[in-house]
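The sequence and structure are shown first.

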Amino acid sequence: MNLYLASEFDGHGGRLLSLALAAEDGKHWYASYPGSTWAADLWVQEHVLPVIEAMPRTIPETTPEDFRLALREYLLARSGATIWADWPDDFAHLMRLMSGPSYAESFMIPCTMQLIVTPEGEPKPEIPHNALSDAIALMRWHQQTKALDELSAVSQELGLE
């Protein structure tokens with residue numbers, strides 16, 4: 001199974017605001033991190049906060065621990081998935097959540113992580129700067145790109161190119 005990860009955070013290297021995983025089966029996971037209605041970064045205030053609630057959340061805004069536990073349950077049900085993202089900090093935020101506040105509270109779920117390099121202007125989400133919309137757009141872009149690559153490979157095999 002492939003999952004597509006996106007997150008929003010308070011400026012470069014800033015704290016997590018929201019995180020989303022889009023799944024090919026349509027069972028997506030999206031939540032805004034507790035306290036995410038405030039941001040120090042002016043660009044984030046203008047572009048991210050207004051759309052953070054534009055997509056339905058998997059869980060209501062709650063405690064950081066409930067956020068982590070809901071994410072854990074989602075990932076446990078998809079153990080062994082490949083998680084794709086187009087920005088390194090998306091993985092960093094996911095790993096921090098999995099690491100937990102202590103070793104005993106950390107969770108390790110087998111998965112593979114792949115960083116995708118997308119062309120300028122791609123993917124094109126319906127709601128830019130909303131983590132779930134971004135994750136769905138990344139998933140669709142990647143699926144289309146893979147399909148085109150497979151078609152090209154078949155064409156080459158058949159000598160049509």
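The model is predicted. In it, helix α3 comprises twelve residues (residues 88–99), which at 1.5 Å a residue should span 16 Å. The C-alpha atoms at its ends are 16 Å apart, so the helix agrees with that expectation.

Which residues of α3 are buried? They are Asp89, Asp90, Phe91, His93, Leu94, Leu97 and Met98. These buried residues pack against strands β1, β2 (16–23), β4 and β5 (112–115), and against helix α2. After α3 comes Gly100, which has a positive phi near 75 degrees.

## Aromatic pairs

How many aromatic pairs does the structure hold? There are three. One of them joins Tyr4 and Trp84, whose ring centres are 6.4 Å apart; because their planes meet at 15 degrees, under the limit of 30 degrees, the pair is stacked. This pair links distant parts of the chain, since Tyr4 belongs to strand β1 (residues 2–9) and Trp84 to strand β4 (residues 82–85), 80 residues apart. Tyr4 has a relative accessible area of 0% and is therefore buried. Trp84, at 15% relative accessibility, also counts as buried because the cut-off is under 20%.

Tyr33 and Phe67 form an edge-to-face pair, with 4.9 Å from centre to centre and 75 degrees between the planes. Tyr33 is in the loop between β3 (29–32) and α1 (42–47), whereas Phe67 is in helix α2 (residues 64–76), so the pair ties together parts of the chain that are 34 residues apart in sequence. Phe67 counts as buried because its relative accessibility is 1%. Ring pairs join Tyr33 and Phe67 with Trp29 in a cluster.

A contact of another kind involves a charged side chain. Arg78 lies over the face of Tyr74, 3.8 Å from the ring centre.

## Pocket and cavity

Rolling a probe the size of a water molecule over the atoms shows where empty space is left. The largest pocket has a volume of about 600 Å³. Its lining has 24 residues, and those closest to the pocket centre are Ser7, Glu8, Trp87, His129 and Asp134. Strand β1 and helices α1 and α4 (131–157) are the elements that give two or more residues to this lining. The largest share, four residues, comes from β1.

The structure also holds one cavity of 30 Å³ or more. The largest cavity has a volume of about 40 Å³. Its lining consists of Leu3, Leu75, Arg78, Ser79, Ala81, Ile83, Ile109, Pro110 and Cys111. Arg78, named in this lining, is the residue that lies over the face of Tyr74.

## Backbone features in the loop between β5 and α4

Most residues other than glycine have a negative phi, and most peptide bonds are trans. The loop between β5 and α4 contains Pro123, and the peptide bond from Glu122 to Pro123 is cis, with omega near -10 degrees.

His129 is located in the loop between β5 and α4. Although His129 is not a glycine, its phi is positive, at about 75 degrees. Is His129 buried, exposed or partly exposed? At 28% relative accessibility, His129 counts as partly exposed, because this value falls between the limits of 20% and 50%. His129 is also among the residues closest to the centre of the largest pocket.

## Positions in and after helix α2

Glu65 is placed in helix α2. With a relative accessible area of 31%, Glu65 is partly exposed. Glu65 and Pro101 are 36 residues apart in sequence, and their C-alpha atoms are 9.3 Å apart in space.

Ala77 is in the loop between α2 and β4. Its relative accessibility of 62% is over 50%, so Ala77 counts as exposed. Ala77 and Gly100 are 23 residues apart in sequence and 19 Å apart in space, C-alpha to C-alpha. Gly100 is the residue with positive phi that follows α3.

Key. Residues are numbered from 1 along each chain as its sequence is written. This is a predicted model: local features need pLDDT of at least 70, side-chain atom pairs count only at pLDDT 80 or more; totals for chains, interfaces and linings use all residues. Side-chain values use heavy atoms; hydrogens and water are left out. Rings of Phe, Tyr and Trp (its six-membered ring) pair if their centres lie within 6.5 Å; planes under 30 degrees apart count as stacked, over 60 as edge-to-face and the rest as tilted. Buried means under 20% relative accessible area, exposed over 50%, partly exposed in between (1.4 Å probe, protein chains only). A charge sits over a ring if NZ of Lys or CZ of Arg is within 6 Å of the ring centre and within 35 degrees of the ring normal. The expected span of a helix is 1.5 Å times one less than its number of residues. Contact means heavy atoms within 4.5 Å. On a 1 Å grid over the protein atoms alone, a cavity is a set of points where a 1.4 Å probe fits but cannot get out, and a pocket is an open set with protein on both sides within 12 Å along at least five of seven lines; lining residues have an atom within 4 Å of a point. Grid points are joined across faces, edges and corners, and a volume is the space filled by probe spheres set on the points.
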